[in-house]
Amino acid sequence: MASIKSQLGNISIITNDVDMIANTYVNAILTMTGTVVTIILVIVSIIYIDVTLLILVIIIGLCYLLFTSRLSKSLSTYKDEWKKTLEQYTTKIKDLLSGYEVIRDFDLQDKAIEMFDKVSTHTGEKKKRLSIKVDNLNNINFIIGQAIVIMIVFVSSYLVTIKQMTVGELIALV
């Protein structure tokens with residue numbers, strides 16, 4: 001019986017890990033592929049329009065990558081906490097379900113419900129904390145991305161006013 005319990009625990013941990021890997025890494029790889037193709041097309045377009053602007057875009061892009069990589073490291077800690085909490089949650093549910101007969105025979109339903117509520121609340125709080133961090137990171141990335149676009153448009157507009165770039169090139173760049 002103990003062997004079955006440990007196997008059930010391992011299966012639930014593996015299931016949680018597979019879900020986390022699918023959500024975190026597979027989706028990231030798919031997103032990254034689209035991003036790389038977009039970056040290549042943008043670089044080719046900017047080289048065609050103005051090489052000086054390409055240097056500005058590369059410098060801004062490197063700063064952006066450094067900034068977001070630091071933010072992503074803090075997110076990793078929250079994901080690890082969530083993973084541990086999810087493992088504890090799954091283990092507690094498994095224990096409660098495997099001990100159903102004991103809980104019923106000794107009239108411990110209230111205690112079991114209290115234990116479940118406690119672990120469920122803790123798990124929900126950790127998930128909420130992780131979701132807030134992910135949302136904050138996404139919002140910061142969006143704001144920085146839009147700021148970069150605006151900066152490039154302003155620099156390009158300046159290049160148009162000093163006649164180093166045409167209005168058509170500015171429109172093509174945007």
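This is a predicted model: local features need pLDDT of at least 70, side-chain atom pairs count only at pLDDT 80 or more; totals for chains, interfaces and linings use all residues.
Trainee: Happy to start with the overall fold. What makes up the chain, helices or strands?

Mentor: The chain has five helices and zero strands. From the N terminus on, the elements run α-α-α-α-α.

Trainee: Why is serine 156 called buried?

Mentor: Good one to begin with! Serine 156 has 0% relative accessibility, and buried means under 20%, so the serine counts as buried. Its place is in helix H4.

Trainee: Which residues does serine 156 touch, not counting those up to four places away in sequence?

Mentor: Those are Leu53, Met165, Leu170 and Leu173.

Trainee: What makes the nonpolar surface patch with Ile39?

Mentor: Ile39, Ile43, Ile47, Val51, Ile55 and Ile59 make a patch of about 510 Å². Members of a patch need over 30% relative accessible area, and Ile39 has 44%. The elements that give two or more residues to the patch are H1 and H2.

Trainee: Now the inside. Which residues have the most contacts in the largest nonpolar core?

Mentor: That core has 13 residues, and those with the most contacts inside it are Ile46, Leu53, Ile152, Met165 and Leu173. At least two core residues come from each of helix H1 (2-49), helix H2 (51-98), helix H4 (109-161) and helix H5 (167-173). Tyr78, Trp82, Leu130 and Leu137 are among the six residues of a second, separate core.

Trainee: What is isoleucine 46 in contact with, leaving aside neighbours within four places in sequence?

Mentor: Isoleucine 46 is in contact with Val51, Leu53, Leu54, Val57 and Leu173. Contact here calls for heavy atoms within 4.5 Å.

Trainee: How do you know how much of the chain is buried?

Mentor: Buried residues make up 21% of the 174 residues. As for the surface, the chain exposes about 12,600 Å², with carbon and sulfur atoms supplying 68% of it.

Trainee: What share of the contacts with a separation of 6 or more comes from residues 24 or more positions apart?

Mentor: Such residues account for 72% of those contacts.

Note on methods:
Residues are numbered from 1 along each chain as its sequence is written. Side-chain values use heavy atoms; hydrogens and water are left out. A nonpolar core is a set of buried Ala, Val, Leu, Ile, Met, Phe, Trp, Tyr and Cys residues joined through side-chain atoms within 4.5 Å. Buried means under 20% relative accessible area, exposed over 50%, partly exposed in between (1.4 Å probe, protein chains only). Helices (H or I, at least four residues) and strands (E, at least two) are DSSP runs, numbered from the N terminus. Accessible areas come from the Shrake-Rupley method with a 1.4 Å probe; for residues, only the protein chains shown count as cover. Patches are made of residues with over 30% relative accessible area and no salt bridge: like charges are joined within 9 Å, nonpolar side chains (Val, Leu, Ile, Met, Phe, Trp, Tyr) within 5 Å. A salt bridge is a side-chain nitrogen of Lys or Arg within 4 Å of a carboxyl oxygen of Asp or Glu.
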